[in-house]
Every structure is written in structure tokens, then in C-alpha cells.
Amino acid sequence: IALAGAAAVLPAGAVALMMALNDTPPNAATMLALLGTLVSMLLIAVGVLSTAGEWTHGTVQTTFLAVPRRGRVLAAKYVGAALLGAAISAVVVGSTFAVAAIGADFSWTGAGAAAVATVAAGAALTVVGAGIGAAIGNAPAALTGTYLVLLVGMTVLNGAKPTWGKHVDPLAAMFDLVEGDATGRPIAVLAGWLVVSAIAGIAVTRRREIS
């Protein structure tokens, strides 16, 4: 709940700070791409905790005793994660634009498409987090590993092989998508992460023993 609340309200504060410092981006789409991508890190954590948290705290035993079909349970969790991610992202869009409308002096061209892209990408990355959490089954390990890959691994890759980074970095893909990249590459990158993590989560969960 704390992560979800922080993800929803922090961007509005960031916009207010930008305006106070007279350092706003050139347009609404770029601003939303920047803030939405930062918030996506919290959304991934929300997704991870929605699945790995049950294994960490032992409540998964009750869940799978009540509904033995693990794949169905996890699929429902993915749907819930997507809806939660979309809802938080929608609040981010609304609060960000509301604060920006008060005094931000930039172009609003493409703001509508950027808003839709932010909500869709937020939902996708929350599911990615849920898949990773289900596959690893330990919340601290899943969060640490995920952030190391995204913040360290992808940074190194983007520096050494920028072309490769564009085709595998989900955060960069979200930024490009929200900013208006219409090539289809950002969608493919996000879809790849979503499919691989979701399938991995289900495959590992079906075989993991409940102790």
C-alpha cells in the first residue's frame, strides 16, 4: 500500500519542484515519459511483492490449499497486478497533468497518447514484477536481483552496446513509448519482458514445493 501510494503522489510533487526551479521538460509527453519511467520502478516492486510476498511470509500454503490449480491462481494475480498498475499509472497521469496545468509552460501536443502509453506500460511492468516475484519466490532476492539488472546491468549495456540496450531495456522502452516512438520497438520490448516473466513465474510456481 505504501509503495502504491508513493507511486501515485510523488510525480505531482516532482512536477511542482520542476516548475519551482523553472526546469520543466519541453513538452507534456517528455515530462510524463520521465516521471512515468521513474514510477515504473515502484510498480515493478508492487508486482514483485504481490507474488513473492506470499512465499516469503508463508501465506502461499493457504492460497494453494484453497485453489490447488496454481496456474489459475497466478493468472488471476497477473490480472490483478495489471489492473493495479494501470490504476496507479492513471493517477500518476492525472496528478502530473493537473499540477503541470497550473503553471507549466510547454507544449501539450501528444499528451493524450502519452497518457494512454503510460497507463499501458505501467500495467505491463507491474505484471513483469509479478512474474519475476513468482519465479524467484523470495521478495528481497527478487527485488535486489531485478534492480541490479535494471539499474546496473542495463546501464552498463546501454553504455557499451546502445543498440542492444534499445532492444532489451524495458525502462528505456517505456520512456520511448510514452514520448511517442511509433516504430513498434518499445511495444515489442515490453511485450517480451511481460511474456517471458509471466511464463517463467507460472512454470516455476507449478513445480515449486510448498514447505
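Which residues in α4 meet which residues in α9? Before I answer, please keep in mind that this is a predicted model, in which local features need pLDDT of at least 70 and side-chain atom pairs count only at pLDDT 80 or more, while totals for chains, interfaces and linings use all residues. Residues are numbered from 1 along each chain as its sequence is written, and side-chain values use heavy atoms, with hydrogens and water left out.

The protein chain has nine helices and zero strands, where helices are DSSP runs of H or I with at least four residues, strands are E runs of at least two, and both are numbered from the N terminus.

Now to the answer: on the α4 side we find Arg70, Gly71, Leu74 and Tyr78, and these meet Ser197, Ala198, Gly201, Ile202, Thr205 and Arg206 in α9, contact meaning heavy atoms within 4.5 Å. The axes of α4 (residues 70-103) and α9 (residues 185-207) come within 9 Å and cross at roughly 145°; such axes are lines fitted to C-alpha atoms, for helices over the stretch in contact, with angles running from 0 to 180 degrees between N-to-C directions.

Let me turn to Ala117, which lies in helix α5 (residues 111-136). This residue is buried, at a relative accessible area of 10%, and buried here means under 20%, exposed over 50%, and partly exposed in between, with a 1.4 Å probe and protein chains only. Setting aside neighbours within four places in sequence, Ala117 is in contact with Leu177 and Val178, and its C-alpha atom is separated by 8.7 Å from that of Glu179, 62 residues apart along the chain.
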